[in-house]
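Biologist: Could you pick one part of this model and take me through it closely? Please spell out the cut-offs as you go.

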Amino acid sequence: MRKRPRGAGAGIALALLALAGGAPAHEPPPAPDPPAVMDFVPPAPGTYRLYDIMAAPDGAVLDLEGRRARLARFTRGKITVLSFIYTGCADARGCPLAYQVFHTMHDRLRDTPALRDHVRLVTLSFDPVHDTPAAMRRYANGAIAARAPGVEWTFLTTGSPRELLPILDGFGQDVQIERRPRAGQAPRLGHVLKVFLIDPRGMIREIYTTSYLFPDVLLNDIETLRRE
């Protein structure tokens with residue numbers, strides 16, 4: 001078993017309930033700074049074990065068409081890689097990094113027939129006030145255009161902060177609102193970037209922060225789960 005920092009179980013800043021105001025225009029994130037160099041060699045798939053951490057929580061979500069669904073629909077039945085983001089994030093080592101890594105994963109999975117039908121990517125917003133289904137559709141535009149048969153990448157949001165909070169709490173994803181945003185701008189949301197690896201049973205098996213968020217690591221872990 002590999003030893004990694006894991007961040008599950010942290011408290012949630014319930015200040016999300018204070019979000020209000022008009023939604024700014026959202027565009028796909030700018031390319032982040034060049035990715036950090038991986039300064040370790042990940043173990044080969046199947047040479048280690050990923051243990052159960054906790055069950056992925058369920059909750060009400062909205063797809064890009066505004067249709068309501070249960071999050072469990074997108075965290076069961078396949079190996080799932082799930083990232084929380086918000087489309088207004090400008091931190092190059094935050095949400096834009098997750099978007100870039102997921103794009104790379106999408107391309108790698110497309111070219112790996114043994115894996116692509118067994119894996120889905122899920123991008124879930126934690127800013128439901130501004131990240132409406134229409135805003136998420138604009139954010140996802142590049143990914144949708146590049147979508148290949150058999151490679152599932154789903155973009156989701158929620159209907160309100162109250163529907164979102166139990167999901168964040170269940171995942172242990174901290175979010176905190178900037179108290180004094182600049183005039184005319186939406187509040188910035190402070191958060192630690194976390195990406196969750198979920199097995200087909202809906203059990204979280206790994207949690208990645210920026211230190212371990214590399215496509216090679218993710219793909220090795222996915223292949224390890226697939227071999228179970």
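Modeller: I call a residue buried when its relative accessible area is under 20%, exposed over 50% and partly exposed in between, using a 1.4 Å probe and protein chains only. Helices (H or I, at least four residues) and strands (E, at least two) are DSSP runs, numbered from the N terminus. By that cut-off, helix 5 (residues 161-171) buries P161, L164, L165, I167, L168 and F171.

Some bookkeeping: this is a predicted model, so local features need pLDDT of at least 70 and side-chain atom pairs count only at pLDDT 80 or more, whereas totals for chains, interfaces and linings use all residues. Numbering starts from 1 along each chain as its sequence is written, and side-chain values use heavy atoms, with hydrogens and water left out.

For scale, the chain holds six helices and 10 strands, and 50% of its 228 residues count as buried.

The part I'd zoom in on is the packing of helix 1 (residues 95-110) against helix 6 (residues 215-226): the angle is about 50 degrees and the axes sit 10 Å apart. Axes here are lines fitted to C-alpha atoms, for helices over the stretch in contact, and angles run from 0 to 180 degrees between N-to-C directions. That angle makes helix 1 oblique to helix 6; under 35 degrees would be roughly parallel, over 145 roughly antiparallel, 65 to 115 roughly perpendicular, and the rest is oblique.

Who touches whom? With contact as heavy atoms within 4.5 Å, V101, T104, M105, R108 and L109 of helix 1 meet P215, D216, L218, L219 and I222 of helix 6. Sorted by class, that gives seven nonpolar, one polar and two charged residues. Nonpolar covers Ala, Val, Leu, Ile, Met, Phe, Trp, Tyr, Cys and Pro; Asp, Glu, Lys and Arg are charged; the others, Gly among them, are polar.

R108 is worth a look: leaving aside residues up to four places away in sequence, R108 touches P215, D216 and L219. R108 counts as partly exposed because its relative accessibility is 34%.
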